[in-house]
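Hi,

Here is the structure I promised to pass on.

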Amino acid sequence: MPTETDVVIIGAGAAGLSAAKELSVLNRSCVVVEASHRIGGRAYSEEIAPGVWFDLGCAYLVSGPDVENHIDESNPFLDYAKNHQVVVERYSYGAQFIRNGLVLGSDEMKARAEFYASCEEAIKRSVRRGEDCAISDLIDLDNPYATPYIDMMAVTAPKDLDAASAADFFYGIEEAVDFNALNGYGNLVAQWGNDVAVSLNTKVESVDWSRDAVVVKTTKGALKARCVISTVSNGVLAARDIDFKPRLPDWKMEAVLGLPMGAENKIGVHFDKDVFGPDRGGYYQSWSDDAHGAYIDVNLMSTNVATVFIGGRFSTWMEKQGPQAAHEFAVDHIANIFGNEIRQSVNRSIASAWVTDPWVLGSYASALPGQYHQREFLPLPVDNKLFFAGEATARANGTCHGAYWSGVRVAREVAEALN
Ligand SMILES: Cc1cc2nc3c(=O)[nH]c(=O)nc-3n(C[C@H](O)[C@H](O)[C@H](O)COP(=O)(O)OP(=O)(O)OC[C@H]3O[C@@H](n4cnc5c(N)ncnc54)[C@H](O)[C@@H]3O)c2cc1C
């Protein structure tokens, strides 16, 4: 690792890697330092069975609805996949809703859809009035369909509704199209980022920005730079895991703390054969009157995998119970939909644990009620020496392509500042 450079980039997730690529286009030297043993960060695939990949973090290649006008709604990984013969499939599966083990009939489906639409409408009206309250203040929590709505939002937000800002949800970019990569989004990002030189197992311990040059102390020695790009999560910043000297200014920490990490985890269950049946792949929401629900994506791309999603406090609690509890919860929910016989064909499961992952400390950031305005401040540089990227700073926040575009944005800001 060199000891002097123009820019030190902290973190080799989608944001850090894209910042490094853009800086190289702009002819600026940089050193990328990554605490963990691998690149990709929250884009990470593991082999759940020989040749079958499961994404513990991002799995859906999202594109926003207004790609023509907003470049940051387009997904560069989609183009990369298409140009590198990586198999991707457009998500075009149906949705099923199961309550107490029974598929909702058409009247119930109508009532559910009306309730979900009324929630969206209440959020819209409130935000248009200029408010930013908790989503739980706006919806009828006693409605028979409140449970699946809360379960779904706890994964999306990813917080319980009393901790989720209505404005943050309202202004979030809608997903227009989703794709899945057969060998995993994490593998795709790792392949794309492979040409960036990264110093792995190199944790940044402190950043001294008290003088002209910035001194970055890592577990592999010190680096002197003209400026630093931090792409670490708001979880890592909030924990003050990196010792900034002097401390980050109050306005920056207020933005970090107003946009704390939520919890979304995924439990992937692989079966040794197709237990679901033909044309039964897709989205299922399953809940009962006396137990916590979940939503499940079943057999996408015919991989014999069901992915169970959980979010919010329940997800944090489940993480603490450990992988066996997560496995049992997931298999029970899948059996609830497809019958107890599926239990005979369970091969193995993998459960993510993002809240306790020391390099991330949560899944992705979202605003607390009343804190949506902090989105404006989080990306701003400090003293033209400390620059910030990463999913939480992006317009398409909470996504992998958003993280990518935040890296491009910050590299251009830095190049301008160094001129
Ligand atoms: C469960 C889950 C599901 C998701 N699903 C989707 C999805 O379907 N589609 C989608 O688009 N997005 C999804 N996302 C979000 C997406 O994965 C992230 O937004 C994106 O990967 C974040 O990239 P990043 O570069 O901002 O941060 P990260 O990927 O977290 O990169 C930051 C890097 O900094 C490193 N680091 C931390 N501390 C230090 C230190 N002190 N020194 C050096 N390095 C350090 C970390 O190890 C990490 O590699 C999901 C996320 C989760 C958790």
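Which residues are closest to the ligand, and how many surround it? The ligand is surrounded by 37 residues, with Glu34, Arg42, Val204, Glu391 and Cys400 as the closest; a residue counts as near if one of its heavy atoms lies within 4 Å of the molecule.

Before the rest, some housekeeping. The model is predicted, so local features need pLDDT of at least 70 and side-chain atom pairs count only at pLDDT 80 or more, while totals for chains, interfaces and linings use all residues. Residues are numbered from 1 along each chain as its sequence is written, and side-chain values use heavy atoms, with hydrogens and water left out.

Back to the ligand. Arg42 has a polar side-chain atom 2.8 Å from a ligand oxygen. For Glu391, a backbone N or O atom lies 2.8 Å from an oxygen atom of the ligand, and for Ala14 a backbone N or O atom is 3.2 Å from one. Polar contact here means a pair of N or O atoms within 3.5 Å; within protein, one must be able to donate a hydrogen and the other to accept it, and residues adjacent in sequence count only if both atoms are side-chain atoms.

Now the domains. The chain splits into domain 1 (4–87 + 182–260 + 365–418) and domain 2 (90–178 + 264–351), with bounds from an automatic or database domain assignment. Their contact (heavy atoms within 4.5 Å) takes 31 residues from domain 1 and 37 residues from domain 2. Taken over C-alpha atoms, the two centres are 28 Å apart.

About 2500 Å² is buried between the two domains, and carbon and sulfur atoms give 64% of that. Buried area is the accessible area (1.4 Å probe) that two parts lose on being put together, summed over both. Ile48, Phe54 and Tyr60 supply 27% of what domain 1 buries against domain 2, more than any other three residues.

Across this interface there are 16 residue pairs in polar contact (both at pLDDT 80 or more). On the side of domain 1 that touches domain 2, the elements giving two or more residues are strand S3 (45–49), strand S4 (52–55) and strand S5 (60–63); strands are DSSP runs of E, at least two residues, and helices are runs of H or I, at least four, numbered from the N terminus.

What about salt bridges (a side-chain nitrogen of Lys or Arg within 4 Å of a carboxyl oxygen of Asp or Glu)? The structure holds 17, and the count between domain 1 and domain 2 is one. Arg375 and Asp168 form a salt bridge at 2.9 Å, N to O. Another joins Asp195 and Lys21, also at 2.9 Å, N to O. That pair links distant parts of the chain, 174 residues apart: Asp195 sits in the loop between helix H6 (185–193) and strand S10 (198–199), and Lys21 in helix H1 (residues 14–25).

Most residues other than glycine have a negative phi, and most peptide bonds are trans. Ala157 and Pro158 are joined by a cis peptide bond, with omega about -15°, and so are Lys245 and Pro246, with omega about -5°. Ser302 is not a glycine, yet has a positive phi of about 55°; Ser302 is in the loop between strand S17 (291–298) and strand S18 (305–311).

Cheers
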